[in-house]
Amino acid sequence: MKRDYYEVLGVSRDAAEQEIKRAFRGLARELHPDVNQHDPEAEEKFKEAAEAYEVLTDAERRSLYDRYGHEGLQSSGFSSAFQGFGSFADIFDAFFGGDPLFGGGMRGGAAHGGDIAVSVEVTLEEAASGAAVDVDFDGVDVCEHCRGNGAEPGTPIETCPRCDGAGQLRAVTRTAFGQLVRATVCDRCGGDGRVAQTPCGECGGRGRKAARRRLEVDIPAGIADEQRIRLTGHGHAGERGGPPGDLYVLVNVRPDDRFVRDGNDLVTVVDLPAPAAALGTSVTVPTLDGEEEIRVEAGTQPGTVITLRGRGMPSLRRGSRGDQRVVVNVVVPRKLSADQREMLEGFAATLSEENLHAPADDGSIFARVRRAFR
Ligand SMILES: [Zn+2]
Ligand SMILES: [Zn+2]
């Protein structure tokens, strides 16, 4: 679902262009990649805001959008200029490259490594007890052969002939602001200003290499489905001496046939034939600690909840455990044999109001309604 462009930028439908620009710059400041490198959502939000800006500051596109919405733009062949861009930082540079308000965009020095996201699946038992899980993923490492400088060991590194050692090239780019002259990182030396005469044979001179990695990740007891664990410094290696990114592990907790999880509580249901509920009995229920026999008192009503204290999931923060709630589902027999019918008719004839009252129940309409909706 695409959000409304005005809503994305937080402006009214009749906002003037200046106001739209101001709103976009405000959002951009909040979503700056240097501030949000640990938040993959920031990139999506920035792209969304950039697209809204791109449409609402173009009179023709804006009126098309006002009249026909997203579909109108689509059928006119509009597609955002930012879909093709590489990284978050690149998109940001396209807008604000060289803008002192946003710290320039004169990159090319040390760069932070990218973050990596992986997902793992654990069982409910593992989520309850905590587990050590091996995760495999591809990560960019510093090349061991050249120690990251990109030159075959023992060969010289010289001044980049393309940028004369500046690390930057001047380029004219078309952006949402119109023509913009901006400095881009030199594509020959990657901003270093220096290049290897003989590129490293192992990494082709990039100084970095993708490699398969395996890491043992501790899943804390009590983790919920779709929670993320962040492992600082386990992402891609940085460039030119920059720090590595982080690894995000998304944990999926496999659904369990026996339990429904409700926060730290677990819910189970036992089916009990109506006569057993009237007579009282004991039933076996699954718990995280194994099967457990619980007592069902005589006269137990449908929907009665029996709470097993401290038998639920552990709390991530407090270490204490939630409860297990056992819901007693009293089942009225759906079919009767002739003999059973006769016996039940005989029994029904003996029933009086006395048999149905709860102990504190006076048999009034209020008590009966309360009983029914308990
Ligand atoms: Zn190398
Ligand atoms: Zn260069």
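Predicted model: local features only at pLDDT ≥ 70, side-chain atom pairs only at ≥ 80, totals over all residues.
Figure 1. Glu345 forms a salt bridge with Arg341, and their closest N and O atoms are 3.5 Å apart. Glu345 is partly exposed, with a relative accessible area of 47%. Arg341 also counts as partly exposed, at 48% relative accessibility. Elsewhere, Asp289, Glu292, Arg311 and Arg321 are joined into one network by salt bridges that share partners.

Figure 2. The search of the whole structure finds 24 salt bridges, one of which is formed by Arg213 and Asp141, with the closest N and O atoms 2.8 Å apart. Arg213 lies in strand S7 (residues 208-219) and Asp141 in strand S2 (residues 131-142), so this pair ties together parts that are 72 residues apart in sequence. Arg213 has a relative accessibility of 17% and therefore counts as buried, whereas Asp141, at 27%, is partly exposed. Side chains of opposite charge can pair when their charged atoms come close.

**Figure 3. The salt bridge of Asp256 and Arg258.** The side chains of Asp256 and Arg258 meet in a salt bridge with an N to O distance of 3.0 Å. Asp256 is buried, with a relative accessible area of 19%; the cut-off for this class is under 20%. Arg258 counts as partly exposed, at 36% relative accessibility.

**Figure 4. The hairpin of strands S12 and S13.** Strand S12 (residues 281-287) pairs with strand S13 (residues 290-296) in the antiparallel sense, over 7 bridges. The two strands, S12 and S13, form a hairpin with 2 residues between them. Within this pairing, Thr284 stands opposite Glu293 in S13. In a regular strand the side chains alternate between the two faces of the sheet.

Figure 5. Leu336, Leu344, Phe347 and Leu351 make a nonpolar surface patch of about 350 Å². Leu336 is located in the loop between strand S15 (324-331) and helix H8 (338-350). Its relative accessible area is 37%, so Leu336 is partly exposed.

**Figure 6. The surroundings of Arg13.** Arg13 is placed in the loop between helix H1 (5-9) and helix H2 (17-30). With a relative accessibility of 47%, Arg13 counts as partly exposed. Apart from neighbours within four places in sequence, Arg13 is in contact with Asp4, Tyr6, Arg62, Tyr65 and Asp66. Arg13 and Leu56 are 43 residues apart in sequence, and their C-alpha atoms are 9.7 Å apart in space.

**Figure 7. The surroundings of Ser315.** Ser315 lies in the loop between strand S14 (305-308) and S15. This serine, Ser315, is buried, with a relative accessible area of 7%. When neighbours within four places in sequence are left aside, Ser315 is in contact with Asn264 and Ser320.

Figure 8. Cys186 counts as buried at 1% relative accessibility, and Cys203 is buried with a relative accessible area of 3%. The structure holds 0 disulfides. The protein chain has 10 helices and 15 strands, and 37% of its 374 residues count as buried. Among contacts between residues at least 6 apart in sequence, 63% join residues at least 24 apart. The accessible surface of the chain comes to about 22300 Å², of which 49% belongs to carbon and sulfur atoms.

Conventions: Residues numbered from 1 in each chain as written. Chains lettered and ligands numbered in written order. Heavy atoms only, no water. Helix = DSSP H or I, 4+ residues; strand = E, 2+ residues; numbered from the N terminus. Buried < 20%, exposed > 50% of the residue type's maximum accessible area, 1.4 Å probe, protein only. Contact = heavy atoms within 4.5 Å. Pairing = 2+ DSSP bridges. Patch = residues over 30% accessible without salt bridge, like charges linked within 9 Å, V, L, I, M, F, W, Y side chains within 5 Å. Areas by Shrake-Rupley, 256 points an atom, 1.4 Å probe, with all protein chains shown as cover. Salt bridge = Lys/Arg side-chain N within 4 Å of Asp/Glu carboxyl O. Disulfide = S-S within 2.5 Å.
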